[in-house]
Amino acid sequence: MDIIKIKDLSFSYKDGEDKLIPVLKNIDMSVKEGEFVAVLGHNGSGKSTLAKLINMILTEESGEFTGELSVCGKIITDDITEDEIYELRRHIGMVHQNPDNQIVATTVEEDVAFGPENLGIPREEIRKRVDEALEDVGMTEYMHHAPHRLSGGQKQRVAIAGIIAMQPEVIIFDESTAMLDPHGRREVMKTIKELNKLGKTILLITHYMDEAAEADRIIVLNDGEIYKEGTPQEIFSDAEALRRVRLDVPQVTELFTLLKEAGLPIQNIPTTTDGGAELLKNLFVQKGGR
């Protein structure tokens, strides 16, 4: 089942003089329930605009869109009501770039409880959701800590827990690791993969190739249009095509491409570090067996 479906969607922002500036052009894409999809693109390619349209942060007041967008089976139209938007947002959570902008309470547990409280969830159910969400992101031991004392990666995991506690079917990560150090990025990516294993539909907007390589499928945007779409193996096997739109391949992919060119017997170039480690192990076993 397609939980997000977009057909021939174009979107233009209004500038200060109400002139239209095209951002997305003729987008056709879908995301299946339980799928992990990454969206890549250079700065200004339309990635964040796409995320904000799906989450209905952008409305007809922000600009003009044509085409069809449906979320959780509901077609988004110009005359959609505020109540309908509110109801749909209960099904789609969004984690933004800066974790500090998402923290609203003085303790971790209060922050995670904030969303469910605003949805009118009963107190007993909120307690259960907060405990489960913090366990899901590995932050239970920090329940009573002040969020501002946490690291960037920990803050972002608290923000994710706040979204989980509202129990959306879809979670959009809009450049959610962009402001984190490598350790924080790894923490958040581990959480994202675990959420996907639990059945959450993930839409990851990123400019990190190694993060996109973890997804089931990648969509590449270029100047507001879909440039390429496929599995990580399909997308990253054509490095030259990516370089034409100012993108690159994961470092592990580049490394094994060079090793293959140097004569190592490599059939399939890996796209993740785990895949690279497994391939190296197999190569050493083969060499030892000789």
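Asparagine 222 is found in strand E9, which spans residues 217-222, and the description given here refers throughout to a predicted model. The relative accessible area of asparagine 222 is 18%, and because buried residues are those under 20%, this residue is assigned to the buried class. When the neighbours within four places in sequence are left aside, the contacts of asparagine 222 are with His42, Ser45, Tyr227 and Val245.

An open sheet is formed by four strands in the order E2-E1-E4-E5, with antiparallel pairing. Strand E2 (20-32) and strand E5 (74-76) stand at the edges and have a single partner strand each, so that one side of each remains without a neighbour in the sheet.

With regard to aromatic groups, a search of the whole structure finds one aromatic pair. This pair is formed by phenylalanine 11 and tyrosine 13 in an edge-to-face arrangement, with 5.1 Å centre to centre and 85° between the planes. Phenylalanine 11 counts as buried, at 1% relative accessibility, whereas tyrosine 13, with a relative accessible area of 26%, is partly exposed. A further ring, that of tyrosine 208, has arginine 185 lying over its face, at 3.6 Å from the ring centre.

Helix H10, which covers residues 251-261, has Val252, Thr253 and Phe256 as its buried residues. Viewed down the axis of H10, these buried residues fall within an arc of 100°, and they therefore line one face of the helix. On the other side of H10, the residues Gln251, Leu258 and Glu261 are exposed. The helix is followed by glycine 263, for which phi is positive, near 115°.

Conventions. Residues numbered from 1 in each chain as written. Predicted model: local features only at pLDDT ≥ 70, side-chain atom pairs only at ≥ 80, totals over all residues. Heavy atoms only, no water. Helix = DSSP H or I, 4+ residues; strand = E, 2+ residues; numbered from the N terminus. Buried < 20%, exposed > 50% of the residue type's maximum accessible area, 1.4 Å probe, protein only. Contact = heavy atoms within 4.5 Å. Phe/Tyr/Trp six-rings, centres within 6.5 Å; stacked < 30°, edge-to-face > 60°. Lys NZ or Arg CZ within 6 Å of the ring centre and 35° of its normal. Arc of directions from axis to C-beta. Pairing = 2+ DSSP bridges.
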